[in-house]
Amino acid sequence: GFAFVLSCLRAEENHVMEVAAFKCPHCKKIFSKKSACLQHEEAVHSQSAVPQLQQTQKTGVVAGSTVQLCSEVTNKNLRIQASGQVDAKGGSGSWATFLVKQGTGGFVLLQNSGDSTHWLSLSGGSVAASGKGGATQFKVVDGVGGVFGLKSSCGKWIAVTKAGAVIAKSKDNEKVGQFVSFRCTTR
């Protein structure tokens, strides 16, 4: 959710006071009222849908396309195995191929071609397949040299370890570094 509590020291009265505050899940801006936070999210982040769609078109990850996502770390494709496990050790078959579906606010959803009931999903610190109801929406973030990253609607990135494991990574910036970088092959 949005809410959290701030503890503030009021200098003139020299005592601690707790106040409810709300943080935008997209840009982390803080608001004193939930309604103001929701209005900000609607006005600022839904308006950015058009530039985000332009970014996805530039990388090839656009709603309606069929793609393979090659990790810059392993030089292999992201895949969802029949078991639902996700790794970056895929070849060029259907388990390593995704149908890109339109999400909301410029985000996309990734449905596996090997099993249409498998959608790329983040849960806590892990990445796995889920049914469509648990699918995670991703923003395609441009990097340098034609690579891009996949940042989830909850703020975590799809990252790949040197061993090819796929994890959810928290980052403090929008830089698309090596471990969150992918190249796209449109099929």
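Buried means under 20% relative accessible area, exposed over 50%, and partly exposed in between, with a 1.4 Å probe and protein chains only. This is a predicted model, in which local features need pLDDT of at least 70, side-chain atom pairs count only at pLDDT 80 or more, and totals for chains, interfaces and linings use all residues. Residues are numbered from 1 along each chain as its sequence is written, and side-chain values use heavy atoms, leaving out hydrogens and water.

**Exercise 1.** Find out whether Asp87 is buried or exposed, and which side chains it joins by polar contacts.

*Solution.* 
- Start with the place: Asp87 lies in strand β6, residues 86-90 (strands are DSSP runs of E, at least two residues, numbered from the N terminus).
- Next, Asp87 has 8% relative accessibility, so it counts as buried.
- Now look at its side chain: a polar contact (a pair of N or O atoms within 3.5 Å, one able to donate a hydrogen and the other to accept it; residues adjacent in sequence count only if both atoms are side-chain atoms) of 2.7 Å links it with the side chain of Arg79.
- The side chain of Gln81 also makes a polar contact with that of Asp87, at 2.9 Å.

Note on methods: Helices (H or I, at least four residues) and strands (E, at least two) are DSSP runs, numbered from the N terminus.
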